[in-house]
Structures are given as structure tokens and as C-alpha cells.
Amino acid sequence: MNKIADDFSSENIGSFFIYTNEAHPGENYPHLTSIGQKVTHAKALRDILGVKRPILLDVLDGPCHRYFGSMPNMTWIFNRSGIPVYKSDWTDANSVRNSLEYLLDVVKRRKAGVRLAPFTVERLDYRESDRVAFYKRLAENGPKAVEEFRKAFGE
Amino acid sequence: MTDFYNYDEFIPEKFEQWLRFDQSPALGKKIENFSLWDLDGNKTSLVDILDQSQFTVVEFGSFT
């Protein structure tokens, strides 16, 4: 997602990250109980996991996150008027890139004088699912996070 | 609300109630605005950041 931000910035595409609740709290990164802790975790996301996009914080009980459906790692694309033009319940760089290329083509066609009307489409996209990498990442949160995930999904 | 949203255990009874993507705003409809803060504590808003670019990608997530 950092690369997408870099690749599309020259096309006047902004990229932000909104920090949410902890999806898999563990001993190293427990559930949030204060804004100060939320800031600390968000800085770890930037400094340890390398999120280079500007990170913004919702308040502690996450009204912005909850308004958009509270999924642990979702992505939305908005136009300048604050209208969502893409929403995905999971973040996948290929899906986002595909949508941005489509949206930029819409802009190009409109500039060329083509009259376009919006419509809604649903599509099932596919992301890579690397369980080894996922569990390795989960372990960084602490053993509790791994154990709870295994129990929740019977793995 | 704060305690429930920031659940302390990843168990279905605590996290499933928050997974409501099916109730999220519809595409093509204007959204509500929300206050947001950067990591230095400067206040902004969702509408303000969306107004900066022709399109804006917003990813939601956490360290964990």
C-alpha cells in the first residue's frame, strides 16, 4: 500500500491510514485504554511495520471506524466531495490499484467529453493468503494473540 | 462503549459484534464527517483530508 501511495501521488491521489482498535491484542500490544497508548501503537505501526502514509487517529471509542463498518483492515476510496467510490472489507493492494486505474480512466474519459453516469457494481476480489507470514506477524503481538486466534478459528 | 470496542480478547463474543461492513455507508452517498488527529496531536477532519486530492485512499487498521 505504501507503493500505491507513491505510484499515484503524482495523479493527485491522497493516501492516509486511520488507526483503529487492536484487532489481535497480545502481551506486547494490549487492547487500548488511552489515547496516549493509541499514539504509541500508531508510532510502532509507522516505525516498526513501516507504514509511510500519514497516520490519523480516531478517538478512543472509534466512531469513524465504527461508522465505516469496523472491519480490522479495510480500505475505502473517496472522491474530493467526500463520496465513497470504492469500499473493500479487506485491504489488498492489487484490488486498490485496479480501482484507482479505473477511476483515473473515468476522469480521462470525462475530460475527453464522454458523458458518464455512475452505477454500483459488486465484485468478489481475491487476495493472497499466506498463513505462515500471518502467524509470524501475529506472534509479534504476543503469545496470547496467537492462542486466541487459533481458538477462535479452530486452527 | 470504549471498553467494548477496544476488546481485550480476540474471542467471537467480543469481536464479532463490531464486524458490520454490511451496514457501512453506501457507495455514491455523501458520508458523515469525523474529527481525526495526526501523531503530533494536530486536529483535522475526514472531510478536510478528502478535500486535498481528487481521490483519497483510506486504509483502516492497527499494529495487531
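Predicted model: local features only at pLDDT ≥ 70, side-chain atom pairs only at ≥ 80, totals over all residues.
An open sheet of 7 strands with mixed pairing runs through both chains, in the order S4(A)-S3(A)-S3(B)-S1(A)-S2(A)-S1(B)-S2(B). Strand S4 (84–88) of chain A and strand S2 (43–45) of chain B each have a single partner strand and stand at the edges, so one side of each lacks a neighbour in the sheet. From one strand to the next, the twist averages 30 degrees. Strands S1(A) and S3(B) run parallel and are joined by 7 bridges; within S3(B), Phe55(B) is the bridge partner of Ile13(A). The pairing of S2(A) with S1(B) is antiparallel and extends over 2 bridges, and Leu56(A) has Asp38(B) as its bridge partner in S1(B). Helix H2 (residues 35–47) of chain A packs on the sheet, where it touches S1 and S2 of chain A, and its direction makes about 165 degrees with that of S2(A).

The largest nonpolar core comprises 30 residues, and Ile18(A), Leu56(A), Leu36(B) and Val58(B) have the most contacts inside it. Elements of both chains each supply at least two residues of this core, among them strand S1 (13–19) and helix H4 (93–111) of chain A and strand S3 (55–61) of chain B. Beyond four places away in sequence, the residues touched by Ile18(A) include Leu56(A), Leu36(B), Val58(B) and Phe60(B).

Between the chains, 73 residues of chain A are in contact with 46 residues of chain B. On the side of chain A that touches chain B, S1(A) provides the largest share, 7 residues. The residues of that side comprise 42 nonpolar, 22 polar and 9 charged.

Notes
Residues numbered from 1 in each chain as written. Chains lettered and ligands numbered in written order. Core = buried A, V, L, I, M, F, W, Y, C linked by C-beta atoms within 7 Å. Buried ≥ 20, exposed ≤ 12 C-beta atoms within 10 Å, placed from the backbone. Helix = DSSP H or I, 4+ residues; strand = E, 2+ residues; numbered from the N terminus. Contact = placed C-beta atoms within 7 Å. Pairing = 2+ DSSP bridges. Axes fitted to C-alpha atoms, helices over the stretch in contact; angles between N-to-C directions. Nonpolar A, V, L, I, M, F, W, Y, C, P; charged D, E, K, R; others polar.
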